[in-house]
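Thanks for making the time this morning.

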Amino acid sequence: MTATAVVFDPFSQDFFNSPHEIYRRLRDEAPVYYSPEYDFYALSRHDDVAAAFKDHDTYSSAYGVDLAQVRKGEVTKHGGIIAMDPPAHRRMRSLLNKVFTPRAIEARRELVTSTIDAVLGRVNPDGFDFVQDFSARFPVEVMTIMQGVPEADRQQIRLWIDDFLHRDPGQVEMSEGGLKSAIEMSVYYYQLIKARRKDLGEDLLSKLIESEIEREDGELTPLNSLEITEFAVLLGGAGAETVTKLLGTAAVVFARNPEQWQLLLEDRALVPLAVEELLRYEAPAQYNVRRSMREVTLHGVTIPAGKPVFLVGGSANRDPRAWTDPDTFELRRDRAEAQNLGFGYGIHSCLGAALARMESVVALQKMLDFMPRYQVDWAGCRRVNMQNVAGWSNVPVRVLD
């Protein structure tokens, strides 16, 4: 029987459902994969993906971070910090690093805890949707409270984000509805920022308004409202999606690996390790897209200059060349074996990683208290269909006595 060629289609239902068998074949059969259908290349082995994340001269972010943007071949003017290369990226990153200091993150622990308690207090333990009723609700509350978004508008931010990230099978470009949501969210933040300039507070938007950034000529100037809007949209999106998807995955993965859940019940000190293993095992962001700035030859395949290149971190984190028994979910795994790429790597590693980790640790601890034994209604589980994001939109659960 003739073996079929491996096909990597990140816009297919097969990919949305579970990409890991495809990843295995990519690593083994086509470590530098070319898609004739979409005209992109993809790196899937850990060594290659990690190296590419750190090589911004070869793999540029300045043309956008998804296929639709990158294949246009134009430097993105309004992509925010994730669509920048040095030195512009360095200047923006240094500004935000001042806002996301370890002390500033730790100061939010009480907010995170009280928000989680409030959301959990509203669910029915006899039956609730873990994602829709819990993990999708509190992360966006936390981030939008930090941004100073009025209470009535906070969940609307999440709905806009879900809308513009959604992709139907085969859909590369943002839908009309998704574009409308992206515009509405940007306009909302722009207007909020203009209003906040007249009434500064202790929120993130106020801090960005008061900040100055070093420009190309070395001059220090304040950020304009459009620049702050780009930050706000990015932080709102990342703050809502990452923890939501990570915890939805946690509910599913621990139900499938009850012995690992029992380890947590017996030893709460393992909770931070559980977050790291979840990030490795099934990270919310499965890939990032870059543009090749020069011709590169790897594994006998030449990537021409000017092509979209997928850096498939979700595959790299399951690479047996880097990890021992990578398809096993194991809390006590040796973390020194390889770099966990769950939050990216290099200059574009996730800016809010410390906040996301802290939220996830607190949420897992609260889960252990609230639902030490639980049951998943597998028939009601639904995965998300989203650009580069893996996770669950619905996970019905019931707390057992």
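Across the whole structure, a search finds 20 salt bridges, where a salt bridge is a side-chain nitrogen of Lys or Arg within 4 Å of a carboxyl oxygen of Asp or Glu. Before going further, please keep in mind that this is a predicted model, in which local features need pLDDT of at least 70 and side-chain atom pairs count only at pLDDT 80 or more, while totals for chains, interfaces and linings use all residues. Residues are numbered from 1 along each chain as its sequence is written, and side-chain values use heavy atoms, with hydrogens and water left out.

One of these pairs is R268 with D369, whose closest N and O atoms are 2.8 Å apart. R268 lies in the loop between α14 (258–266) and α15 (271–281) and D369 in helix α17, so this pair ties together parts that are 101 residues apart in sequence. When I say helix or strand, I mean DSSP runs, H or I of at least four residues for helices and E of at least two for strands, numbered from the N terminus.

A second pair is E276 with R357, at 2.6 Å between the closest N and O atoms. Here E276 lies in helix α15 and R357 in helix α17, so the bridge ties together parts that are 81 residues apart in sequence. E276 is buried, with a relative accessible area of 17%, whereas R357 counts as partly exposed at 31%; buried means under 20% relative accessible area, exposed over 50%, and partly exposed in between, with a 1.4 Å probe and protein chains only.

The side chains of R333 and E277 also meet in a salt bridge, at 3.2 Å from N to O. That pair links distant parts of the chain, with R333 in the loop between α16 and α17 and E277 in helix α15, 56 residues apart. Are R333 and E277 buried or exposed? R333 is buried, with a relative accessible area of 9%, and E277 counts as buried at 0%. Elsewhere, E21, R24, D28, D319 and R321 are linked in a network of salt bridges.

Let me turn to the loop between α16 (313–316) and α17 (353–370), where A322 is found. A322 counts as buried at 15% relative accessibility, and, leaving aside residues up to four places away in sequence, it touches H46, E337 and A338, contact meaning heavy atoms within 4.5 Å. A322 and D47 are 275 residues apart in sequence, yet 7.8 Å apart in space, C-alpha to C-alpha.

Now for helix α10, residues 154–165. In α10, the buried residues are R154, Q155, I157, R158, W160, I161, F164 and L165, and what covers them includes α8 (130–135), α9 (138–147), α11 and α13.

Finally, what do we find when searching the whole structure for disulfides? The search finds 0 disulfides, a disulfide being a pair of cysteine sulfur atoms within 2.5 Å.
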